[in-house]
Amino acid sequence: MTTSTPLLSRRLALGAIAGSALLTALPAMAEGRLTDVRVIDRDRDAVLPLYRFRGEYWVAGEPGARYAIELLNDSRERLLNVVSVDGVNVITGETADFDQAGYVLEPMQRYDVAGWRKSKREIAAFEFTRHSRSYAARTGRPDDVGVIGVAVFREREAFHLPRPPLPPFPPFDRSEPRSGSKSGPQLQERSHSGAQAGPQLGTGHGDRERDRVGETEFERRSNRPDEIIRIRYDSRENLVALGVIPPERRRWRDRPSAFPGANRGYVPDPY
């Protein structure tokens, strides 16, 4: 099953972003009142587990892995989703603000935001990388590396559709974006502290991929978001060091033995 083409917006709303629609089980998501958000490791075809720590959501990224931000419009109306990564708008490349371009999703539509928008046909893939190699740091904006944000806007005088039942989830299948696909959401235009085990992760400007978009109009009901979802990320070892992920307890049998060759039994039979 695919979704309708995604759109971009400017002052009202530009845009449809085409990409593969993602219908899968929901083992880990940031559940909003309007939009649900998950982070997908595209190289492993896996939803990253979500950790709750001191009032914030966290995910553990794998250095070098490509990832996507999955959006689900869990409402009965069109929604504009302004998405930022490391404090940068993923469509325009501007320092993120609420009045910028975003993705417009139809009721119950899912869409993967898989990269930095380069044109109506291409993106540069998101990939976890060292802080110094992140797109934000390389463009002189290193202060907000390590956070994903989604600001959700309702539409003025929106027409509410009857809420359909969710279809059965197909097998989990995320790999390369489907070239020439015309399904997806729409776009609209317009550091943490603590002990770390290794370098902080950021989001790099990866390889170009085909991802077609269109345009639509969307008038926001308010200049302020109706909902803001924030997910922080770093490497697993850093999240363990920060206390976000509990360290694995070492079992007794894994401890070193003073007499590892000791055997209380007798000679075994040959095989």
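The legends below describe several close-up views of one predicted protein model.

In this predicted model, local features are given only where pLDDT is at least 70 and side-chain atom pairs only at pLDDT 80 or more, whereas totals for chains, interfaces and linings use all residues. Residues are numbered from 1 along each chain as its sequence is written, and side-chain values use heavy atoms, with hydrogens and water left out.

**View 1**
The protein has two helices and 19 strands, where helices (H or I, at least four residues) and strands (E, at least two) are DSSP runs numbered from the N terminus. Of the 271 residues in the protein, 51% are buried; buried means under 20% relative accessible area, exposed means over 50%, and partly exposed lies in between, with a 1.4 Å probe and protein chains only. The accessible surface comes to about 14,300 Å², and 48% of this surface belongs to carbon and sulfur atoms. These areas come from the Shrake-Rupley method with a 1.4 Å probe, and for residues only the protein chains shown count as cover.

**View 2**
Strands of a sheet pair through backbone hydrogen bonds, either parallel or antiparallel, and here two strands are said to pair if DSSP finds at least two bridges between them. Strand β6 (residues 51-53) and strand β7 (residues 56-61) run antiparallel and are joined by three bridges, with phenylalanine 53 having glutamate 56 of β7 as its bridge partner. Two residues lie between the strands of this hairpin, in which arginine 54 takes a positive phi near 50 degrees. Strand β7 also pairs with strand β19 (residues 227-235), in the parallel sense and over five bridges, and the bridge partner of tryptophan 58 in β19 is arginine 232.

**View 1. An open sheet of three strands.**
The order of this open sheet is β13-β14-β17, and the pairing is antiparallel. Its edge strands, each pairing on one side only, are β13 (115-117) and β17 (201-210). Neighbouring strands of the sheet are turned by 35 degrees against each other on average, direction ignored; the axes behind such angles are lines fitted to C-alpha atoms, for helices over the stretch in contact, and angles run from 0 to 180 degrees between N-to-C directions. Three bridges connect β13 with strand β14 (residues 122-130) in the antiparallel sense, and arginine 117 has isoleucine 123 of β14 as its bridge partner.

Side chains of opposite charge can pair when their charged atoms come close. The structure holds 15 salt bridges, a salt bridge being a side-chain nitrogen of Lys or Arg within 4 Å of a carboxyl oxygen of Asp or Glu. In one of them, the side chains of aspartate 43 and arginine 66 meet at 2.8 Å, N to O. Aspartate 43 lies in the loop between β4 (35-41) and β5 (46-47), and arginine 66 in the loop between β7 and β8 (67-73), so the pair ties together parts that are 23 residues apart in sequence. Aspartate 43 is partly exposed, with a relative accessible area of 42%, whereas arginine 66 is buried, at 15%. These two residues also belong to a network of salt bridges that links Arg42, Asp43, Arg66 and Glu209.

Arginine 110 forms a salt bridge with glutamate 70, and their closest N and O atoms are 3.6 Å apart. Because arginine 110 lies in strand β12 (residues 110-113) and glutamate 70 in strand β8, the pair ties together parts that are 40 residues apart in sequence. Both of these residues are buried. Arginine 156 forms a salt bridge with glutamate 219, with 3.3 Å between the closest N and O atoms; arginine 156 is partly exposed at a relative accessible area of 39%, and glutamate 219 is partly exposed at 41%.

**View 2. Aspartate 45 and its positive phi.**
Most residues other than glycine have a negative phi, and most peptide bonds are trans. Aspartate 45, found in the loop between β4 and β5, has a positive phi of about 50 degrees although it is not a glycine. Its relative accessible area is 28%, so aspartate 45 is partly exposed.
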